[in-house]
Amino acid sequence: MAMNAVLDISRPFRPRRFIADSRPHLTGPPVPSRISADVSTLSRAQVGTRSRRRGSVVLLSCFLFVLCLIQYEILHFGELATQHDGNDRNSISGISVSAIKDTGLTNVVQWDHNSLIIRHQRVFIISGEFHYWRMPVQHLYLDVFQKMRATGLNAVSIYFHWGYHAVTEDKIIFQGVGRDIQAMLDAAKRAGLYVIARPGPYIHAEASAGGIPGWLVTKKDVEVRTDEPTYTKAWQKYWREIIPIIARNQIDRGGNVIALQIENEYMQTELYPSARNYMRNLSEGARSLGIVVPIFHNDLNMFESFIPKNFSAVDLYGLDSYPRGFDCRNPMSNFKIQTNYREYFAKVSPGTPNFTPEFQAGAYDSWGGPGYENCVQMTGPEFVNVFYKNNIAQKFTMMSHYMTYGGTNWGGLACPSVYTSYDYGAAISESRILRDKANEAKLLWTFIRSSPTLLSAQFVADSDNYAYTDNNDVFATELRDPHSLTGYYIVRSRDTNSRDGKAYRLKVRTTSEGEIQIPLKGSLTLRPRESRIIVTDYKAGSLWFGYTTMEVFTWTTVDEKPVLILYGNFEDQNEFSIKQHGDVPFKFYNIRGNAALRNYRIKAAATKKNDLCITSILDGENRAVVQSHDYILALFNRPDIYNVWTPAWAADLDPNTRPYRQVIVIGPYLVRNVTSEDHGKTLNINGDSDMESNLSDMVEVYVDSSFENIKWNGEPVHAYWTRFKSRTFKLPRPNTNLAEIRIPDLRKAEWRGIDAIPEIHKMYDDSKWTIADKMESTNQWYPPETFPVLYPGEYGFHVGNAIYRGRFSGENAKGLRIQVWGGSAFGFTAWLNGVYLMSYRGSPHNAWNQQEVTFPDTLVSKDEMNFLVILADRMGYEEDNGVTERDPHSTLYPRGIRLIELIPHEPGSTCEFSQWTLQGNAGGEDYDDLLRAPYNEDGIYAQRIGAHFADFDDTWWPPATPFLNQLAGMSPESPKPGAGVSFYRTAVEIVVPDILDVPLGVRMRAGERSGVRVEVFINGWQFGKYISDIGPQEEFAIPPGIINTNGENVVGLQVWAVDNNATVGLDVLEFVVYGKYASSIGSIPHDDYRGWHVERQMYLS
């Protein structure tokens, strides 16, 4: 029995662990120098020698064993009788029944403290968050899911948006573009991803009201996120529709749903006294509707909320973690990891896997923020490298990353915290382009998938209690699988915020060498904000590494010979030790295939230990290959590893891909999957090439020689064998020319426009408007201060701009006092009798504004009725902030006019409005455009008449231009300064060849203090909201399917000049091309998105 730790009597007691097993063992971390060096290492080799000290060593070992029994916990690693032949995942045959749990309804998904177990195999869950409702083009779901799978993920986590489906109280829709969740789940399955379903009912997600429908928020006495009857009846009705769809897609029924989350970041406090009852109702509701997979809840922080050992309604416990926060203004600061996850889970939920349902993968940006490029930098490749590897050291085996693809807050989807883009700085950009951080994450996720022993590897020690390195500024954590004895050393800076490089050597243990310090000569270099995973006793098929200072990417077998991909910095000294039998000759090639690399050194080649140790410095190379009769090692310089892919077989829907089944493809921008054709004789590689990249157009493939032919996206290629058993070919160029792409110049387009605020004129007929006559509000927490109620939501108008018309006699009216609530960045403008009166441009810091104004004598009529018209924006309902800001009624923050009163000339005299009318989106909650409802439209006149729809007839509109800097004398003239709203339309043709994927967007700019608020519509969809004074967003990604990439597009532009210093126009309005890719996804069809109805004519003035 070998000790896994030796007591250090010089330190305060900390429990340590040791391995109890009859097989040969490594010694634990050696004792510090205070303890005799004679017992500091007891390697297998030393124990087996004929040393004269054998007896004393045995006695001393016994003595230390007794000490450990007294002061250390005993770690029973013998639970799993795992198979570690290198070719399979961890089997759980022979595992102790008491250690395994399931729901009692299915054993297809099980778990213990190590991991989730699916179909009796351990699985490391690596998931990414995706919101289909932020990408209302179902033809693109597969594109995003394939990119997620290609970059190493095996699961997707999905919020299901209640308010998006429950258009009204009685109309819940799960069909049509953007709402067909079955099509979305099918796409995830086709891509080979498990699904973690998160149906709320409350989801947060920076969505308006956290996903709760607007019609519910404004109901009388409703208490969201409680067991209050109105709220309960509403969510139960929704769940009766959505949960059966999710249930049909569970993994035990042939689908891919493996777990279901109830609620979101919820906790029991005095603010939610019914929390446990509410959560139990959710769990029982899900079970009654067919959910058999594990149910879990995600804790906002380490609050110990709803943990399985204390709350039986959940099976798993999850902890959300955003260690870098959400301030992207200083992206390089606060680079500090959290290191107490492992201890927290051991205390709080010891019988479940360490699970983070939301680990930071980006950050949202708010109105007035620095922009998403800063968020990309804050959570870029360095963050991925250090923080994600720290999660491995903390023994997370279930990780979902929020967000992996963010999408777009089109229309009024967003809460006031965020603007149109929900790019989130994610691994896949809003325009669906892979960022470097996606490829950085791919290195780790692919390594995990290729290293099944990592799942059962146990924490041994770290630099807090053992000197692993010779540099105290370098910190190491050791994990070790007790069965294969594979060691994983996660190395990082002790101070992760440090920006200094560090030289170090690392103490490791191998079964043949015992404890050694690597590299044997020289040192390793830890670069600023870098982390590494160094392995020992690592098996890849028949290849067995003693250790390697380079990191493992992945491995496969080609013609039964293991091929291993390693990467590191070639200017460093890289070293690896291979266990082999006999004198196995090998050659060291550079990428050009020349066996001319001499800058390596061999130590102990073919010794009786059968270890081959190679030390190399490959500075000046970008790749090298070590080849023998038994194996191939492909060595990559770290900057060149991003374009190595291990695609899944398209026919293999199992996300739990075995390493030996992988094909390795080197070179392209993206490889989606591979297929086998001609009875296994032809390999077809499906992928994308970047038409504008400086990447080489050469592709290299490692695959069995039984595949005689290779195709790229279905097109045969001529592949050449290399001398190191791979094949290479030149990417075929698509049969098109980039010059065939035609993106129109919007400045040269023929525009028409109208005044879109005719309501300001006294003679405007508002007889069909809603009369605001409610003298009691449904909002008991934030009621109006004056009446009638002027909260548009209480009249059925829940999104965006609303217009109010108030009538009053001018005999005694001196001025006006007004308080308007709209959320961060909202604005309003008021006109009196058709003339500009007052306004508020908005601020990212203020959710409401109060002003007083004295009426100019020339504006107020003493003899006739006066008309006050107010146009006020609403930026969405607030999320529920009961947990984070101690206000469980924040969804009820007012939206609209909370206070408005006339100021009389004589104090104490009477002066009141005689009537109020108001108007929001056409029809209120009776939507005629169910395709985009309920979030697409607001109350602006042009939208009510349907001018944003592609099939609207604008031939009666006069020519106009939205451009402020139109050349003098040109017709039509640029718009003139003055408060108002104009709506412009044009139709333009875009041509993109079907073989190309060309992500597009629209750029708008009007100057920082120009005072305009702009909404852009593409073929009827509102896909951009620009506020010039607040920002930061000026570019708006438009996905294909919304924008027609091969035909006509109707562009609608609504420009609101908030005050008289502003102008209803823009300096810049143009299409933006984000990339050009020859893609295997094919053309994205543009569905017929016509939405105009003849009933809209009723709104014509």
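## Basis of the description

Residues are numbered from 1 along each chain as its sequence is written, and side-chain values use heavy atoms, with hydrogens and water left out. Because the model is predicted, local features need pLDDT of at least 70 and side-chain atom pairs count only at pLDDT 80 or more, whereas totals for chains, interfaces and linings use all residues.

## Helices 11 and 12

The axes (lines fitted to C-alpha atoms over the stretch in contact, with angles from 0 to 180 degrees between N-to-C directions) of helix 11 (residues 381-393) and helix 12 (residues 436-449) come within 8 Å and cross at roughly 25°. Helices here are DSSP runs of H or I with at least four residues, and strands are runs of E with at least two, numbered from the N terminus. Helix 11 is therefore roughly parallel to helix 12, a term for angles under 35 degrees.

The contact (heavy atoms within 4.5 Å) involves residues including Val384, Tyr388 and Ile392 of helix 11 and Ala441, Leu444 and Trp445 of helix 12.

## Two open sheets

Five strands in the order 31-33-36-40-39 form an open sheet with antiparallel pairing, where two strands pair if DSSP finds at least two bridges between them. Strand 33 (residues 664-666) is joined to strand 36 (residues 698-702) by three bridges, and Ile666 stands opposite Glu700 of strand 36.

A further open sheet of five strands has the order 41-51-57-54-55, again with antiparallel pairing, and its twist averages 20° from one strand to the next. Strand 41 pairs with strand 51 (residues 980-991) over four bridges, with Phe983 in strand 51 as the bridge partner of Ile754.

Technical notes:
Angles under 35 degrees count as roughly parallel, over 145 as roughly antiparallel, 65 to 115 as roughly perpendicular and the rest as oblique.
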